[in-house]
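Subject: A structure for you to look at

Hello,

Here is the structure I promised to pass on. Have a look at it first, and then read on for what turned up.

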Amino acid sequence: MATINKIKYLTIFFIIALILSGITAFPIETELNFLCNIFDIQNISENPNLNIKAWILIANNGFSDINIKYPFIAYGYDWLAYAHIMIAFLFAGTLKNPVKNKLVFYWGLVCCASIIPLALICGYIREIPFYWQIIDCSFGIFGSIPLFICLKWIKEIEQK
């Protein structure tokens, strides 16, 4: 029974992380403005492919322009946030019976693994700096860790 509780606690952590990740996608312009203020980023002429501050400023300017001229485009970001929250709710069934619902953990691993080609291919096409693509890939890498651990514990339960 202790292993089941460990799975549940780790799953709750994963759910909370997904929900927080989703919620933070809603106020992206506010968050970028905050970063620009905190790091005193105003005018940077450096290459955004080499300088994260330059990239933050470009992203901030881009979101500001979009929200002024074409606010409906930010609706896609709202859907991104919504998807994170809905994916988190999918894991709720594993809290009741993680062994019976282990397929959800496997599905989560597929999602985490598919982040890497998506970030690298679409990031390249959209001219996202490579270091930022790596940051995006890290979500899949770090997200897979609790899922692998939960599946390891599920296998231990099944072998008993």
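I will start with a loop. D40 sits in the loop between α2 and α3. Its phi is positive, at about 50 degrees, although D40 is not a glycine. Please keep in mind throughout that this is a predicted model. Most residues other than glycine have a negative phi, which is the reason for pointing this one out. D40 is exposed, because its relative accessible area is 55% and the cut-off for exposed is over 50%.

E127 also has a positive phi, near 60 degrees, and is likewise a residue other than glycine. You will find E127 in the loop between α6 (102–125) and α7. With a relative accessibility of 64%, E127 counts as exposed.

Now back to the loop between α2 and α3, which also holds N51. Is N51 buried or exposed? N51 is buried, because its relative accessible area is 16% and buried means under 20%. Apart from neighbours within four places in sequence, N51 is in contact with E46 and Y131. A side-chain oxygen of N51 also comes to within 2.7 Å of the backbone nitrogen of K53, at the start of α3.

That brings us to helix α3 itself, which covers residues 52–69. How far apart are its end C-alpha atoms? They are 25 Å apart, and this agrees with the 26 Å that 18 residues should span at 1.5 Å a residue. The buried residues of α3 are A54, W55, I56, L57, A59, N60, F63 and S64. Their cover includes α2 (28–38), α4 (75–90) and α7 (130–159).

Finally, the overall picture. The protein has seven helices and zero strands. Its C-alpha trace spans about 60 × 30 × 30 Å along the principal axes. Of its 160 residues, 31% count as buried. Among the contacts with a separation of 6 or more, 69% are between residues 24 or more positions apart.

The accessible surface comes to about 10500 Å², and carbon and sulfur atoms make up 69% of that surface. As for charge, there are 11 positive and 10 negative side chains, with the centres of the two sets 21 Å apart.

Key. Residues are numbered from 1 along each chain as its sequence is written. This is a predicted model: local features need pLDDT of at least 70, side-chain atom pairs count only at pLDDT 80 or more; totals for chains, interfaces and linings use all residues. Side-chain values use heavy atoms; hydrogens and water are left out. Helices (H or I, at least four residues) and strands (E, at least two) are DSSP runs, numbered from the N terminus. The expected span of a helix is 1.5 Å times one less than its number of residues. Buried means under 20% relative accessible area, exposed over 50%, partly exposed in between (1.4 Å probe, protein chains only). Contact means heavy atoms within 4.5 Å. A polar contact is a pair of N or O atoms within 3.5 Å; within protein, one must be able to donate a hydrogen and the other to accept it, and residues adjacent in sequence count only if both atoms are side-chain atoms. Accessible areas come from the Shrake-Rupley method with a 1.4 Å probe; for residues, only the protein chains shown count as cover. Lys and Arg count as positive and Asp and Glu as negative; His and the chain ends are not counted. The place of a charge is taken as NZ of Lys, CZ of Arg, CG of Asp or CD of Glu.
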